[in-house]
Amino acid sequence: MNWQDLQNKLSEHAYIANQELAMALKIALQLERPILLEGEAGVGKTQAAKTLSELFDTELIRLQCYEGLDSAAAIYEWNYQRQLLSIRASVDTGSDLKDIENRIFSRSYLMERPLLRAIQQQKAPVLLIDEIDRADEEFEAFLLEILSDFQITIPEIGTISATTKPMVVLTSNGTRNLSDALRRRCIYNYVPYPDLRTEIAILTKRYPRVSSHLANQIVSFVQSLRKEDLEKKPGIAEMLDWTAALSGLGINDITSDPEALQASLVCLLKTQSDLYSIPKEVSQRLANGAA
Amino acid sequence: MAVTKFLYRTSINHRIVDFCHHLRNNGIMTSPIDAAHCLNVLRVINANEHHEVRLAFKSIFVSNKDGFNRFDELFDSFWFNERKQRHEHEAIENTGPKTVTNKNAPSIFEINGSGKSDNIDLPDNDNDKEANTSGKGRLIAAKTINTMTTDMREFIQAEDESKASEIARRIASAIRYKLSRRRKLSNRGNTLDMRRIMRKSIATDGEPLKLLRKRKPETPMHLVGLIDVSGSMQPYARVFLSFIKGLIGNDLRTDAFLFHTKLMCVSDALRDNNTLRAANRLSMMARGFGGGTKIGTCLNNFNKQFIGRILGRKSLVIIMSDGYDTDDTAILDSSLKHLKKSGCKLIWLNPLLGWKDYKPVNSSIITALPYLDLFAPCNTLQSLLVLENELRSL
């Protein structure tokens with residue numbers, strides 16, 4: 001499969017990737033290297049990973065990062081309660097201490113977290129490490145071993161090597177600079193907001209029944225809204241939500257009903273100040289520009 | 001700037017390696033493994049189609065947004081060398097561990113110095129002649145004669161120094177530690193450490209006799225002080241220098257920089273125990289002391305040269321300046337944005353805030369305000385003392 005095929009396949013699964021992204025994904029698959037997707041919130045970084053897992057019909061294992069994420073939540077943890085109970089039960093029956101230790105530190109007492117689970121699948125899964133910039137530097141350093149060698153060391157058991165190499169997708173909103181060491185290990189792609197044609201294609205893929213006239217209007221409106229001075233610019237997901245809302249309201253032309261248009265903007269604008277900064281006059285101007 | 005010419009036919013391996021060097025010279029870090037990846041990838045794409053090769057190489061070599069935007073030009077300048085010139089660029093300095101240990105030579109990081117590649121993206125071209133910074137109704141700098149070399153002994157006096165270092169010590173201890181989000185083993189922790197309890201209890205037939213605890217450890221903050229020593233700040237320089245010297249004297253995880261139109265690192269000079277020698281070393285660095293200010297440019301240089309080495313999430317940058325700036329505010333804006341993105345806390349101490357009816361209305365301060373975690377006065381040692389509580393709550 002060359003990169004154009006991959007682009008077409010993604011498009012069949014309702015994900016319109018630009019050429020750069022398709023090529024980056026292809027190379028990441030080819031070289032079995034992680035891919036780092038950076039971009040504004042809502043441009044479809046996470047969706048890319050989801051679509052890949054659909055495309056290859058494999059499991060999507062997701063690790064949502066947050067500050068303070070540690071190995072117990074990301075890799076593995078022993079099931080301490082079970083271990084304690086097991087020791088109590090064994091002692092009463094008079095088992096050998098060595099046996100007890102072997103048993104309670106066996107795999108059945110190990111609780112697998114996403115990273116460990118991802119390297120132990122029969123069929124290579126898609127491992128999505130979402131919003132890596134939210135985790136702290138320590139965790140980043142921790143990831144390096146896994147991303148370069150695909151193996152995890154558990155002191156009580158030993159080193160667990162990957163049965164299959166997962167396809168790793170890291171996403172980042174750029175709220176924090178990532179370390180060069182991590183970047184160097186990844187194929188990189190910056191995902192921009194899509195251009196007009198691509199975004200219309202995305203909309204019609206998701207909502208085939210929306211008329212081309214309305215689709216054009218919606219996308220032009222959202223794109224001009226992104227040029228306004230907003231705290232949180234509407235992403236593709238918001239655009240799709242809004243489309244669903246407009247369809248639900250039975251609106252076929254966004255200029256036809258200013259009141260409904262203004263009310264439906266809650267799908268696009270997610271902060272109070274953004275809602276204030278787009279009053280009815282502005283939304284009408286944008287709507288007329290889009291029409 | 002000269003373009004790459006292929007004088008003779010070389011193998012594709014050579015050319016890829018040359019291309020790596022070309023990228024490296026232009027500030028995009030590449031490694032030999034990248035070159036190997038390129039050769040691998042050429043097998044699976046149509047290598048005759050330059051568009052495909054460009055896309056493929058872009059994914060392999062680029063590792064950040066800046067590189068992503070510049071790659072196409074660099075690609076063109078290397079592979080299509082007929083008509084295109086290499087674009088102006090800045091070579092990124094290797095920010096490895098550069099510790100200055102030479103005791104004899106004064107440690108001067110003269111940044112933006114002899115107008116090499118550093119000042120390319122800066123619109124202001126009057127290199128380092130900062131005396132003529134009178135324009136646009138600035139408050140003080142216009143009347144100040146540019147003292148090219150100042151003996152800084154007069155700026156640090158003994159009685160101030162002991163007071164300042166005491167205040168600095170209190171402030172440093174207020175902000176020194178930040179709680180980590182992770183938990184480590186500790187006798188007085190408030191959560192049970194199940195993993196270790198489990199381990200210990202094996203020895204006692206599974207009876208958890210000893211309860212081990214864990215808590216969030218306090219991790220030290222890295223303090224960085226940036227002091228404006230331009231003409232308009234001259235009256236306050238003594239306070240600031242004493243303060244920063246006190247701060248620096250406390251431990252090694254502190255760095256101090258002076259800036260006016262240039263930025264210099266004075267950590268080592270200030271750390272010198274021999275006050276006289278420290279003052280002498282400082283005075284050697286004091287070229288341009290009391291001239292104009294280019295806050296944005298200096299912060300930009302700070303970002304480029306030092307940020308990778310000394311900043312992280314657990315760091316605190318203290319800027320001491322009145323905000324009177326001869327730079328374009330756009331540079332200040334982008335520099336502060338970059339600085340903030342590195343995850344540090346940002347404090348701006350402004351001596352003018354101590355004035356009775358001062359309002360932060362000049363453009364630099366207005367630009368900076370959204371990025372600041374604290375904006376406070378610092379015209380006397382007393383006002384610095386008041387900061388202690390506010391800093392503690394950051």
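Biologist: At what angle do helix α3 (residues 50–61) and helix α4 (residues 65–79) of chain B pack, and what orientation does that make?

Modeller: In this predicted model, the axes of α3(B) and α4(B) lie 10 Å apart and the helices pack at an angle of about 130°. Angles over 145 degrees would count as roughly antiparallel and those of 65 to 115 as roughly perpendicular. The crossing is right-handed, and the two helices are therefore oblique to each other.

Biologist: Which residues of α4(B) make the contact with α3(B), and how many residues of the contact are charged?

Modeller: From α3(B) the contact draws on B:His50, B:Val53, B:Arg54, B:Phe57, B:Lys58 and B:Phe61. Facing these residues, α4(B) contributes B:Phe68, B:Phe71, B:Asp72, B:Phe75, B:Asp76 and B:Trp79. By class, the contact comprises seven nonpolar residues and one polar residue, while the number of charged residues is four.

Biologist: Leaving aside neighbours within four places in sequence, which residues are in contact with A:Ile129?

Modeller: Once its neighbours within four places are set aside, its contacts are A:Leu63, A:Cys65, A:Leu115, A:Leu143, A:Val168, A:Val169, A:Leu170 and A:Thr171.

Biologist: What percentage of the residues in chain B is buried?

Modeller: Chain B has 13 helices and eleven strands. Of its 394 residues, the buried ones make up 49%.

Notes
Residues are numbered from 1 along each chain as its sequence is written. Chains are lettered from A and ligands numbered from 1 in the order in which they are written. This is a predicted model: local features need pLDDT of at least 70, side-chain atom pairs count only at pLDDT 80 or more; totals for chains, interfaces and linings use all residues. Side-chain values use heavy atoms; hydrogens and water are left out. Contact means heavy atoms within 4.5 Å. Axes are lines fitted to C-alpha atoms, for helices over the stretch in contact, and angles run from 0 to 180 degrees between N-to-C directions. Helices (H or I, at least four residues) and strands (E, at least two) are DSSP runs, numbered from the N terminus. Angles under 35 degrees count as roughly parallel, over 145 as roughly antiparallel, 65 to 115 as roughly perpendicular and the rest as oblique. A crossing is left-handed if the near helix is turned anticlockwise from the far one by less than a right angle, and right-handed if clockwise. Ala, Val, Leu, Ile, Met, Phe, Trp, Tyr, Cys and Pro count as nonpolar, Asp, Glu, Lys and Arg as charged, and the others, Gly among them, as polar. Buried means under 20% relative accessible area, exposed over 50%, partly exposed in between (1.4 Å probe, protein chains only).
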